Amino acid sequence: HAKEKGGNLMQFFDPLLALAIEERRRLESELRRAIREREFVLFYQPIVDLVQNRLVGAEALIRWRHPERGLVPPDDFIPLAEESGLIGEIGLWALEVASEQLAQWRKHETQLYLSLNVSARQIPDGLPPETLFETARRHGFAPESLALEITEGVLLSDLGSAAQWLEEIREQGFPVYLDDFGTGYSSLSYLKRFAVDRLKVDKSFVRDIATNTSDRALVEAVIAMAKSLGIEVVAEGVEDAEHVRLLRGMGCRYAQGYFFSRPLPIDEFCALSDDIPLLLRNTEERFSH
Ligand code: C2E
Ligand code: MG
Ligand code: MG
Ligand code: MG
């Protein structure tokens, strides 16, 4: 009898699947080591104000300095970190590092803000509002200096507790940005039910605004809608001066993308910050006649 069962199981043994499971297990234990050995690092990408032509802040983006594989991008390990629950610890590490950076800037009277990505899986228990508040107080910066970037998925997961988390952190003064706007399933009614401070229009919509009239109309509509709700817009994926010109014309106030800079290690980010106003003034002059 038992032999029969075993035979059936063998029939379904898939060497490729077994390999994938093994690979996954290996990556997960490497992630645990990475947390222990502090192999993660935050890179910083400028967020600019297109009205005042200046650098206003940066998005903190995690990378994994893998001893053999080099710099591993977040898309290659964040999904597994989320599935395995390790995202909680990684997220708390990122919060601590970003907070130390803000404290550093405040000590030198630099008023830049930071925004930090938060996975749906971290909300609410992985990143309790009290932890955020306590961290800001301990490092001596105002909650207004640290924005939390969430995606529409957060609001789909556990409506009640996510809504309460959102309400509490906004009450304490932490700005909330809705990331990758337009790529999820969310309807506009979410914006009515869950107050956020900014929308980040996904880069897939920004990319072709110069050539694709429907993409341009879409971005324009999002900006107009946000304006009527009193929400600011950040355009992601701004890659050239034409993007900047078009977005300015649409009344988009904030922008982020390779045109200004790729995400950089902190020392390179600090070295670059002086060049941004000049870059922005140049885009204005170039198109002013
Ligand atoms: P995101 O939050 O939407 O971040 C923007 C992504 O677009 C970044 O990719 C950035 O490097 C890229 N990007 C910026 N400007 C341009 C541009 O002009 N053109 C193009 N093609 N891409 C641009 P990155 O750094 O690989 O991060 C990917 C995603 O990983 C992030 O998307 C975010 O969802 C997630 N992530 C990053 N850091 C963290 C973190 O600390 N915690 C969590 N939970 N997720 C993170
Ligand atoms: Mg983001
Ligand atoms: Mg995004
Ligand atoms: Mg994303």
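D179 bridges two magnesium ions, ligand 2 and ligand 3, which sit 4.1 Å apart. This is a predicted model, where local features need pLDDT of at least 70, side-chain atom pairs count only at pLDDT 80 or more, and totals for chains, interfaces and linings use all residues. Residues are numbered from 1 along each chain as its sequence is written, and side-chain values use heavy atoms, with hydrogens and water left out.

**Exercise 1.** Work out which residues coordinate the magnesium ion (ligand 2).

*Solution.* Start with the rule: donors are N, O and S atoms within 2.8 Å of the metal (3.2 Å for Na, K and Ca), and water is not among the atoms, so sites may look incomplete. That gives E59 (OE), N117 (OD1), E149 (OE) and D179 (OD), at 2.0 to 2.2 Å. Next, read the donors along the chain: their spacing is E-x57-N-x31-E-x29-D. Now place two of them: E59 is in strand β2 (residues 54-66) and D179 in strand β6 (residues 176-181), so the pair ties together parts 120 residues apart in sequence. Strands here are DSSP runs of E, at least two residues, numbered from the N terminus. Last, check accessibility: both E59 and D179 are buried (under 20% relative accessible area, 1.4 Å probe, protein chains only).

**Exercise 2.** Find what lines the largest cavity.

*Solution.* First, list the lining: I35, R38, F40, E89, I90 and W93. Then look for the main contributor: helix α4 (residues 87-107) gives the most, with three residues. A helix is a DSSP run of H or I, at least four residues.

Note on methods: Chains lettered and ligands numbered in written order. Buried < 20%, exposed > 50% of the residue type's maximum accessible area, 1.4 Å probe, protein only. 1 Å grid on protein atoms, 1.4 Å probe; cavity = no way out; pocket = protein on both sides within 12 Å on 5 of 7 lines; lining within 4 Å.
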